[in-house]
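Work through these exercises with the model open beside you. Try each task before you read its solution.

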Protein chains: 2
Amino acid sequence: MDIFLKTISAINDETRVKILRFIDTNGEVCVCDLEASFDMIQSRISRHLKILKEAGFLRVDRRGRWAYYSIRSPLDVFRQQILKEIAHLEIALPSLKSGCNR
Amino acid sequence: MDIFLKTISAINDETRVKILRFIDTNGEVCVCDLEASFDMIQSRISRHLKILKEAGFLRVDRRGRWAYYSIRSPLDVFRQQILKEIAHLEIALPSLKSGCNR
DNA sequence: TTAATATATCAAGATATCTTGATATATTAT
DNA sequence: ATAATATATCAAGATATCTTGATATATTAA
(Lines give C-alpha, C1' and ligand atoms only; values in the text may rest on other atoms or scores of the structure.)
Protein backbone atom coordinates (compact mmCIF):
# COMPACT_ATOMS: atom_id res chain seq x y z
CA MET A 1 0.00 0.00 0.00
CA ASP A 2 2.79 2.42 0.92
CA ILE A 3 4.56 1.99 -2.41
CA PHE A 4 1.27 2.30 -4.27
CA LEU A 5 0.41 5.55 -2.48
CA LYS A 6 3.92 6.88 -3.06
CA THR A 7 3.50 6.19 -6.77
CA ILE A 8 0.08 7.81 -6.86
CA SER A 9 0.95 10.86 -4.78
CA ALA A 10 3.94 11.47 -7.05
CA ILE A 11 1.62 12.03 -10.00
CA ASN A 12 -0.99 13.88 -7.96
CA ASP A 13 0.45 17.24 -8.92
CA GLU A 14 0.18 19.14 -12.19
CA THR A 15 3.80 20.33 -12.14
CA ARG A 16 5.12 16.79 -11.73
CA VAL A 17 2.86 15.41 -14.44
CA LYS A 18 4.25 18.04 -16.81
CA ILE A 19 7.86 17.38 -15.82
CA LEU A 20 7.33 13.64 -16.23
CA ARG A 21 5.76 14.11 -19.66
CA PHE A 22 8.53 16.53 -20.63
CA ILE A 23 11.22 13.99 -19.79
CA ASP A 24 9.24 11.21 -21.46
CA THR A 25 9.10 13.37 -24.61
CA ASN A 26 12.57 14.90 -24.62
CA GLY A 27 14.61 12.12 -23.06
CA GLU A 28 17.43 12.74 -20.62
CA VAL A 29 17.62 16.30 -19.30
CA CYS A 30 19.56 18.03 -16.56
CA VAL A 31 18.04 20.12 -13.78
CA CYS A 32 19.13 23.45 -15.22
CA ASP A 33 17.46 22.63 -18.55
CA LEU A 34 14.19 21.94 -16.73
CA GLU A 35 14.67 25.15 -14.78
CA ALA A 36 15.06 27.12 -18.01
CA SER A 37 12.37 25.26 -19.94
CA PHE A 38 9.73 25.55 -17.26
CA ASP A 39 10.91 28.92 -15.89
CA MET A 40 10.78 27.65 -12.34
CA ILE A 41 13.25 28.20 -9.55
CA GLN A 42 15.79 25.49 -9.00
CA SER A 43 14.67 24.28 -5.58
CA ARG A 44 11.18 23.70 -6.92
CA ILE A 45 12.35 21.60 -9.88
CA SER A 46 14.79 19.72 -7.68
CA ARG A 47 12.14 18.83 -5.13
CA HIS A 48 9.71 17.52 -7.76
CA LEU A 49 12.44 15.46 -9.42
CA LYS A 50 13.26 13.88 -6.09
CA ILE A 51 9.63 12.89 -5.55
CA LEU A 52 9.33 11.42 -9.05
CA LYS A 53 12.59 9.55 -8.60
CA GLU A 54 11.66 8.12 -5.22
CA ALA A 55 8.31 7.05 -6.66
CA GLY A 56 10.16 4.94 -9.22
CA PHE A 57 9.49 7.00 -12.35
CA LEU A 58 12.90 8.57 -12.86
CA ARG A 59 16.54 7.73 -12.58
CA VAL A 60 19.48 10.12 -12.18
CA ASP A 61 22.88 9.95 -13.72
CA ARG A 62 25.43 12.35 -12.28
CA ARG A 63 28.11 13.34 -14.76
CA GLY A 64 30.48 16.09 -13.73
CA ARG A 65 28.54 18.81 -12.02
CA TRP A 66 25.31 17.91 -13.79
CA ALA A 67 22.53 15.58 -12.78
CA TYR A 68 20.76 14.03 -15.76
CA TYR A 69 17.26 12.74 -15.17
CA SER A 70 15.50 10.25 -17.43
CA ILE A 71 12.63 7.78 -17.34
CA ARG A 72 13.67 4.79 -15.30
CA SER A 73 14.17 1.65 -17.29
CA PRO A 74 12.92 -1.00 -16.98
CA LEU A 75 9.62 0.44 -15.82
CA ASP A 76 6.98 -1.84 -14.34
CA VAL A 77 3.66 -2.25 -16.16
CA PHE A 78 1.60 0.00 -13.88
CA ARG A 79 3.97 2.97 -14.19
CA GLN A 80 4.08 2.38 -17.94
CA GLN A 81 0.29 2.54 -18.03
CA ILE A 82 0.40 5.79 -16.10
CA LEU A 83 2.91 7.29 -18.54
CA LYS A 84 0.71 6.19 -21.43
CA GLU A 85 -2.33 7.79 -19.83
CA ILE A 86 -0.38 11.02 -19.30
CA ALA A 87 0.74 10.92 -22.93
CA HIS A 88 -2.92 10.74 -23.97
CA LEU A 89 -3.62 13.98 -22.10
CA GLU A 90 -1.77 15.90 -24.82
CA ILE A 91 -0.42 18.48 -22.42
CA ALA A 92 1.11 21.63 -23.88
CA LEU A 93 4.78 21.43 -22.94
CA PRO A 94 7.41 24.18 -23.00
CA SER A 95 10.17 23.86 -25.58
CA LEU A 96 13.47 22.43 -24.40
CA LYS A 97 15.81 25.26 -23.42
CA SER A 98 19.38 24.83 -22.28
CA GLY A 99 19.85 26.56 -18.97
CA CYS A 100 23.41 25.56 -18.23
CA ASN A 101 26.69 27.07 -19.31
CA ARG A 102 28.02 24.11 -21.19
CA MET B 1 -5.43 17.23 -17.01
CA ASP B 2 -8.19 18.15 -14.55
CA ILE B 3 -10.01 14.85 -14.98
CA PHE B 4 -6.72 12.94 -14.73
CA LEU B 5 -5.81 14.70 -11.47
CA LYS B 6 -9.32 14.16 -10.11
CA THR B 7 -8.95 10.44 -10.83
CA ILE B 8 -5.51 10.30 -9.26
CA SER B 9 -6.32 12.37 -6.18
CA ALA B 10 -9.33 10.11 -5.54
CA ILE B 11 -7.03 7.13 -5.04
CA ASN B 12 -4.37 9.13 -3.22
CA ASP B 13 -5.79 8.16 0.16
CA GLU B 14 -5.53 4.87 2.03
CA THR B 15 -9.13 4.95 3.25
CA ARG B 16 -10.49 5.40 -0.24
CA VAL B 17 -8.27 2.68 -1.68
CA LYS B 18 -9.66 0.30 0.95
CA ILE B 19 -13.26 1.34 0.33
CA LEU B 20 -12.79 0.96 -3.41
CA ARG B 21 -11.25 -2.47 -3.00
CA PHE B 22 -13.98 -3.46 -0.55
CA ILE B 23 -16.71 -2.58 -3.04
CA ASP B 24 -14.78 -4.23 -5.86
CA THR B 25 -14.64 -7.41 -3.75
CA ASN B 26 -18.11 -7.41 -2.17
CA GLY B 27 -20.15 -5.79 -4.91
CA GLU B 28 -22.94 -3.32 -4.24
CA VAL B 29 -23.07 -2.03 -0.65
CA CYS B 30 -24.95 0.73 1.13
CA VAL B 31 -23.38 3.47 3.22
CA CYS B 32 -24.43 1.99 6.57
CA ASP B 33 -22.80 -1.34 5.69
CA LEU B 34 -19.54 0.44 4.97
CA GLU B 35 -19.95 2.38 8.20
CA ALA B 36 -20.36 -0.87 10.15
CA SER B 37 -17.71 -2.82 8.25
CA PHE B 38 -15.01 -0.15 8.52
CA ASP B 39 -16.14 1.19 11.90
CA MET B 40 -15.99 4.75 10.68
CA ILE B 41 -18.42 7.57 11.27
CA GLN B 42 -21.00 8.17 8.61
CA SER B 43 -19.84 11.59 7.42
CA ARG B 44 -16.38 10.21 6.79
CA ILE B 45 -17.63 7.28 4.66
CA SER B 46 -20.07 9.53 2.84
CA ARG B 47 -17.40 12.05 1.94
CA HIS B 48 -15.02 9.41 0.57
CA LEU B 49 -17.79 7.80 -1.47
CA LYS B 50 -18.60 11.15 -3.01
CA ILE B 51 -14.98 11.66 -4.03
CA LEU B 52 -14.74 8.17 -5.54
CA LYS B 53 -18.03 8.67 -7.37
CA GLU B 54 -17.07 12.07 -8.79
CA ALA B 55 -13.75 10.60 -9.91
CA GLY B 56 -15.66 8.08 -12.01
CA PHE B 57 -14.98 4.92 -9.99
CA LEU B 58 -18.38 4.43 -8.38
CA ARG B 59 -22.03 4.76 -9.18
CA VAL B 60 -24.94 5.17 -6.74
CA ASP B 61 -28.37 3.67 -6.88
CA ARG B 62 -30.86 5.13 -4.43
CA ARG B 63 -33.54 2.66 -3.42
CA GLY B 64 -35.86 3.67 -0.61
CA ARG B 65 -33.86 5.35 2.07
CA TRP B 66 -30.68 3.55 1.13
CA ALA B 67 -27.91 4.56 -1.25
CA TYR B 68 -26.21 1.57 -2.85
CA TYR B 69 -22.71 2.12 -4.18
CA SER B 70 -21.01 -0.14 -6.71
CA ILE B 71 -18.16 -0.05 -9.22
CA ARG B 72 -19.23 2.03 -12.17
CA SER B 73 -19.79 0.07 -15.32
CA PRO B 74 -18.57 0.39 -17.98
CA LEU B 75 -15.25 1.50 -16.57
CA ASP B 76 -12.61 2.97 -18.89
CA VAL B 77 -9.32 1.12 -19.34
CA PHE B 78 -7.21 3.35 -17.11
CA ARG B 79 -9.54 3.05 -14.12
CA GLN B 80 -9.70 -0.69 -14.73
CA GLN B 81 -5.91 -0.82 -14.63
CA ILE B 82 -5.96 1.08 -11.34
CA LEU B 83 -8.48 -1.35 -9.83
CA LYS B 84 -6.33 -4.24 -10.99
CA GLU B 85 -3.24 -2.70 -9.43
CA ILE B 86 -5.14 -2.17 -6.16
CA ALA B 87 -6.31 -5.79 -6.28
CA HIS B 88 -2.67 -6.86 -6.51
CA LEU B 89 -1.90 -5.03 -3.27
CA GLU B 90 -3.76 -7.75 -1.35
CA ILE B 91 -5.04 -5.35 1.28
CA ALA B 92 -6.55 -6.84 4.43
CA LEU B 93 -10.21 -5.86 4.29
CA PRO B 94 -12.79 -5.91 7.08
CA SER B 95 -15.57 -8.46 6.75
CA LEU B 96 -18.88 -7.24 5.38
CA LYS B 97 -21.19 -6.26 8.25
CA SER B 98 -24.74 -5.07 7.87
CA GLY B 99 -25.15 -1.76 9.64
CA CYS B 100 -28.72 -0.98 8.70
CA ASN B 101 -31.98 -2.05 10.26
CA ARG B 102 -33.37 -3.91 7.28
C1' DT C 1 43.45 28.05 -3.50
C1' DT C 2 39.57 30.81 -4.77
C1' DA C 3 35.60 31.61 -7.55
C1' DA C 4 31.86 30.07 -10.25
C1' DT C 5 28.41 26.73 -11.43
C1' DA C 6 25.00 22.92 -10.64
C1' DT C 7 22.27 20.64 -7.51
C1' DA C 8 20.21 19.42 -2.94
C1' DT C 9 18.04 20.52 1.28
C1' DC C 10 15.95 23.24 4.94
C1' DA C 11 12.65 26.59 7.22
C1' DA C 12 8.52 29.08 7.01
C1' DG C 13 4.36 30.79 5.08
C1' DA C 14 0.45 29.59 1.90
C1' DT C 15 -2.74 26.25 0.40
C1' DA C 16 -5.17 21.91 0.30
C1' DT C 17 -6.98 17.72 2.39
C1' DC C 18 -8.77 14.80 6.18
C1' DT C 19 -11.50 13.95 10.34
C1' DT C 20 -15.01 14.95 13.47
C1' DG C 21 -19.33 16.66 15.32
C1' DA C 22 -23.39 19.17 14.21
C1' DT C 23 -27.04 19.86 11.26
C1' DA C 24 -29.98 19.31 7.00
C1' DT C 25 -32.73 16.44 3.88
C1' DA C 26 -35.30 12.49 2.47
C1' DT C 27 -37.73 8.20 3.13
C1' DT C 28 -40.35 4.95 5.79
C1' DA C 29 -42.87 3.33 10.00
C1' DT C 30 -46.22 4.26 13.59
C1' DA D 1 -48.46 14.15 11.54
C1' DT D 2 -44.57 12.51 14.29
C1' DA D 3 -40.67 9.73 15.01
C1' DA D 4 -36.97 7.00 13.42
C1' DT D 5 -33.61 5.83 10.01
C1' DA D 6 -30.27 6.65 6.14
C1' DT D 7 -27.53 9.77 3.85
C1' DA D 8 -25.44 14.33 2.66
C1' DT D 9 -23.20 18.52 3.79
C1' DC D 10 -21.01 22.10 6.50
C1' DA D 11 -17.68 24.32 9.84
C1' DA D 12 -13.51 24.04 12.27
C1' DG D 13 -9.36 22.07 13.88
C1' DA D 14 -5.50 18.85 12.61
C1' DT D 15 -2.37 17.33 9.21
C1' DA D 16 0.00 17.25 4.85
C1' DT D 17 1.80 19.37 0.65
C1' DC D 18 3.60 23.16 -2.24
C1' DT D 19 6.38 27.30 -3.07
C1' DT D 20 9.95 30.36 -2.09
C1' DG D 21 14.31 32.14 -0.41
C1' DA D 22 18.39 30.94 2.05
C1' DT D 23 21.99 27.93 2.66
C1' DA D 24 24.85 23.64 2.05
C1' DT D 25 27.54 20.51 -0.88
C1' DA D 26 30.08 19.08 -4.86
C1' DT D 27 32.50 19.75 -9.13
C1' DT D 28 35.10 22.41 -12.36
C1' DA D 29 37.57 26.68 -13.93
C1' DA D 30 40.86 30.27 -13.20
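**Exercise 1: a hairpin in chain B**

In the hairpin of β2(B) and β3(B), two residues lie between the strands, and Gly64(B) takes a positive phi near 65 degrees. This is a predicted model: local features need pLDDT of at least 70, side-chain atom pairs count only at pLDDT 80 or more, and totals for chains, interfaces and linings use all residues. Residues are numbered from 1 along each chain as its sequence is written, while chains are lettered from A and ligands numbered from 1 in the order in which they are written.

Task: find how many bridges join β2(B) to β3(B), and in which sense the strands run.

Solution. 
- Start with the terms. Helices (H or I, at least four residues) and strands (E, at least two) are DSSP runs, numbered from the N terminus. Two strands pair if DSSP finds at least two bridges between them.
- Count next. Six bridges join β2 (residues 58-63) of chain B to β3(B), and the two run antiparallel.
- Check one position. Leu58(B) faces Ile71(B) of β3(B).

**Exercise 2: the sheet of chain A**

Task: give the strand order of the open sheet in chain A, then name its edge strands.

Solution. 
- The order is β1-β3-β2 in chain A, with antiparallel pairing among the three strands.
- β1 (29-30) and β2 (58-63) of chain A are the edges, each pairing on one side only.
- β2(A) and β3(A) share six bridges in the antiparallel sense.
- Asp61(A) has Tyr68(A) in β3(A) as its bridge partner.

**Exercise 3: two helices of chain A**

Task: which residues make the contact of α2(A) with α5(A), and how do the axes cross?

Solution. 
- Axes are lines fitted to C-alpha atoms, for helices over the stretch in contact, and angles run from 0 to 180 degrees between N-to-C directions.
- The axes of α2(A) and α5 (residues 77-88) of chain A come within 10 Å and cross at roughly 95 degrees.
- Therefore α2(A) is roughly perpendicular to α5(A). Angles under 35 degrees count as roughly parallel, over 145 as roughly antiparallel, 65 to 115 as roughly perpendicular and the rest as oblique.
- α2(A) brings Val17(A), Leu20(A), Arg21(A) and Asp24(A), and α5(A) brings Leu83(A), Ile86(A) and Ala87(A). Two residues are in contact if their C-beta atoms, placed from the backbone, lie within 7 Å.
- By class, this contact has five nonpolar, no polar and two charged residues. Ala, Val, Leu, Ile, Met, Phe, Trp, Tyr, Cys and Pro count as nonpolar, Asp, Glu, Lys and Arg as charged, and the others, Gly among them, as polar.

**Exercise 4: chain against chain**

Task: which element of chain B gives the most to the side that touches chain A?

Solution. 
- 14 residues of chain B contact 14 residues of chain A.
- α1 (2-10), α2 (14-26) and α5 (77-88) of chain B each give two or more residues to that side.
- α1(B) gives the most, with four residues.
- This side of chain B has nine nonpolar, three polar and two charged residues.

**Exercise 5: the DNA strands**

Task: which residues come nearest to DNA strand D, and which to DNA strand C?

Solution. 
- A residue is near a molecule or strand if its C-beta atom, placed from the backbone, lies within 6 Å of it.
- Around DNA strand D there are 25 residues, of which Ser43(A), Gly64(A), Cys32(B), Ser43(B) and Cys100(B) come nearest. α4(B) gives the most to this surface, six residues.
- Around DNA strand C there are 25 residues, and Cys32(A), Ser43(A), Cys100(A), Ser43(B) and Gly64(B) come nearest. Here α4(A) has the largest share, six residues.
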